[in-house]
Amino acid sequence: MKRILLYIGAAIILAGCSFPGDLGLPSWYTTMRVIFLNDIYDMEEIAEEDSALIVQNGELVFMEVIEESQMLGDIEIFEPGERDFQLTVDELMPDSLQNTYPPDTWLVIPSFGMEPTIEELTPYSEFASATFSSGLINVSLTNNTAIGLGNQAENAPLMAEIFNQYSNELILSLQVEDILPGETSLVEYDLAGITFSNALNIMIAGGSTGSGGELVYTDDSFFNSALDINITYENIYVSDITGAEIPVQEIDDISDIYELEIEYPEIIGEIAFTGYSEINITVNSIIPGEIMLDLVAENSDDSTTVMLQTWEGGGEHSLTAQIEAGTTEIYLTSDEYNINALISILPDLFDYDVFCTIGDTTQTYDLTSEDEVILDISISSQIQFNTGENGLWIIPQEDGEIQISTFDTVDYEQEQYDSFRSGSLKLYYINPTGVEMAAQILVSEQEQFILDNIYEIVSPDTNEVQIFDIPLIETTNDSIFGEVEFVIQQYETEVFLEDSVFIATRFYLFSEGLEPLNGGIHMIGELFLELLINEDLINEEDN
């Protein structure tokens with residue numbers, strides 16, 4: 001807040017004189033005019049200093065925008081469906097070996113190298129492609145044949161290798177322990193960092209230990225017996241996904257404290273903001289979901305807090321709202337919500353928590369873990385308030401300090417004080433704020449005395465400060481000065497005998513909250529002192 005103080009020297013104006021009947025020096029009545037106050041409290045200048053205050057159409061408006069975002073992080077998807085298939089001995093045993101065995105004969109099958117066999121898996125409908133951040137693929141292999149599968153002793157272990165159907169790129173290779181007839185082997189593989197397409201091939205290769213020296217009967221049932229393979233997934237999360245329906249899930253909460261860069265005047269008394277206020281919430285998201293917002297205003301000086309809620313209250317959160325893919329606009333007004341109650345405590349911070357869920361099964365999405373839900377919370381309120389019957393005191397501040405100015409009083413000395421006959425204080429003012437007020441001007445020889453008494457409304461120490469009461473500053477337009485004048489006594493001017501004085505003003509406001517605060521206040525204070533100048537005073541000044 002810019003404070004302007006014009007130091008204007010006192011002007012001594014001859015108001016009139018009288019001559020005695022006989023010859024001799026006359027005595028003169030002289031008016032000393034002292035401009036000691038020229039202060040401007042301008043709304044635009046207030047707004048320049050306080051980022052939370054702006055001027056719209058000449059009116060002072062509280063405006064603050066909180067910007068937040070949260071990345072989706074690891075994305076849960078529907079687990080890919082189970083896949084089952086069989087590979088028979090007829091498929092695994094090379095034809096050249098099968099042709100050496102007569103049918104329907106009891107034989108001992110020696111070890112052999114299996115024919116690499118590829119199975120095309122049914123494409124997954126749960127996604128088009130996925131890069132996994134966590135999760136497992138489980139490959140279960142059950143040997144329902146009469147021969148051992150896998151031959152690690154001869155460096156021919158059973159292998160299960162998974163390929164991209166489209167590019168034939170090897171995705172992962174699983175080595176399986178040798179499986180005896182009738183046994184099952186389960187291989188779990190961590191998918192973190194692995195990228196799948198939805199169409200996969202699996203190739204089974206390796207060796208066989210044969211029948212292990214046991215006789216087997218080479219009929220159709222032998223050659224049709226199979227290795228049963230089952231593929232499942234668990235705890236699947238992805239960092240990149242295309243063509244996927246997304247189940248409903250939570251993303252990380254947004255929790256923070258937003259500190260307002262605002263400097264309020266010092267207020268003594270209760271204030272209730274009554275102007276139109278609104279909170280506009282803009283949410284940008286690539287996928288639909290829901291947000292739950294808790295917003296709490298706090299005045300850290302007195303630990304007062306108010307939570308945003310509807311006038312009916314009772315909700316678990318300040319707001320619960322559905323969000324769409326793209327941009328969602330949510331409008332809250334002071335007609336439905338207690339926004340003015342938040343502003344009335346003169347908050348210096350907002351504490352907020354945003355709980356967000358995403359998910360949609362009506363269509364498919366392409367997402368990455370770095371995609372964001374972006375949230376803007378815009379709070380605006382007309383500075384319009386009700387002071388109640390008792391009004392309230394406002395003490396202007398600048399940079400967190402009481403606004404105190406200094407005035408050079410060298411033109412008013414003891415001789416002028418002694419020649420005082422009468423005086424008045426005239427205040428010229430422009431007050432287009434829409435609020436009637438009174439004021440008190442505190443003058444003291446010491447700055448500390450001002451600080452000690454500026455909050456003492458009921459019983460200030462009049463030995464330390466001289467207080468001039470301005471009973472009423474009516475509202476005006478922004479170009480015509482109003483004025484008020486009242487008589488002052490000689491003792492009230494004694495403080496000006498100091499070489500310089502300190503001056504501060506406090507305002508007493510009355511408002512029913514019907515008009516928004518706008519414009520600014522300009523005050524000019526003048527002392528009119530009528531002095532009697534005689535021969536003694538002239539001689540003293542000459543000396």
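1. In this predicted model, the side chains of K426 and E483 meet in a salt bridge, with 3.8 Å from N to O. K426 belongs to strand 35 (residues 420-430) and E483 to strand 38 (residues 482-488), so this contact ties together parts of the chain that are 57 residues apart in sequence. K426 has a relative accessibility of 16% and counts as buried, because buried means under 20% relative accessible area. E483, with a relative accessible area of 49%, is partly exposed.

2. K426 also takes part in a salt bridge with E485, at 3.7 Å from N to O. E485 lies in strand 38 and K426 in strand 35, so the pair links parts that are 59 residues apart in sequence. The relative accessibility of E485 is 44%, and E485 therefore counts as partly exposed. Through shared partners, the salt bridges join K426, E483 and E485 into one network.

3. How many salt bridges are there by the rule of a side-chain nitrogen of Lys or Arg within 4 Å of a carboxyl oxygen of Asp or Glu? The count comes to three. Besides the pairs made by K426, there is a salt bridge in which the side chains of E526 and R33 meet, at 2.2 Å from N to O. Strand 40 (residues 520-533) holds E526 and strand 2 (residues 27-42) holds R33, so this pair ties together parts that are 493 residues apart in sequence. E526 is buried, with a relative accessible area of 1%, whereas R33 is partly exposed at 31%.

4. The second largest pocket deserves a separate point. About 230 Å³ of space lies in this pocket, and 13 residues line it. Which residues of the lining lie nearest the centre of the pocket? They are E445, T462, N463, E494 and V495. By type, the lining of the second largest pocket divides into five nonpolar, four polar and four charged residues.

5. An open sheet is formed by three strands in the order 8-17-11, with antiparallel pairing. Strand 8 (112-113) and strand 11 (148-149) are the edge strands, each pairing on one side only. Strand 8 is joined by two bridges to strand 17 (residues 207-210), and these strands run antiparallel. Within this part of the sheet, F112 stands opposite S208 in strand 17.

6. The backbone at D104 should be noted. D104 is a residue other than glycine, yet its phi is positive, near 50°. Where does D104 lie? Its place is in the loop between helix 3 (95-98) and strand 7 (106-108). D104 has a relative accessible area of 47% and is partly exposed.

7. A positive phi is found at N168 as well, with a value of about 60°, although N168 is not a glycine. The loop that contains N168 runs between strand 12 (158-164) and strand 13 (170-176). Is N168 buried or exposed? N168 has a relative accessible area of 54% and is exposed, because exposed means over 50%.

Methods: Residues numbered from 1 in each chain as written. Predicted model: local features only at pLDDT ≥ 70, side-chain atom pairs only at ≥ 80, totals over all residues. Heavy atoms only, no water. 1 Å grid on protein atoms, 1.4 Å probe; cavity = no way out; pocket = protein on both sides within 12 Å on 5 of 7 lines; lining within 4 Å. Points joined across faces, edges and corners; volume = space filled by probe spheres on them. Nonpolar A, V, L, I, M, F, W, Y, C, P; charged D, E, K, R; others polar. Helix = DSSP H or I, 4+ residues; strand = E, 2+ residues; numbered from the N terminus. Buried < 20%, exposed > 50% of the residue type's maximum accessible area, 1.4 Å probe, protein only. Pairing = 2+ DSSP bridges.
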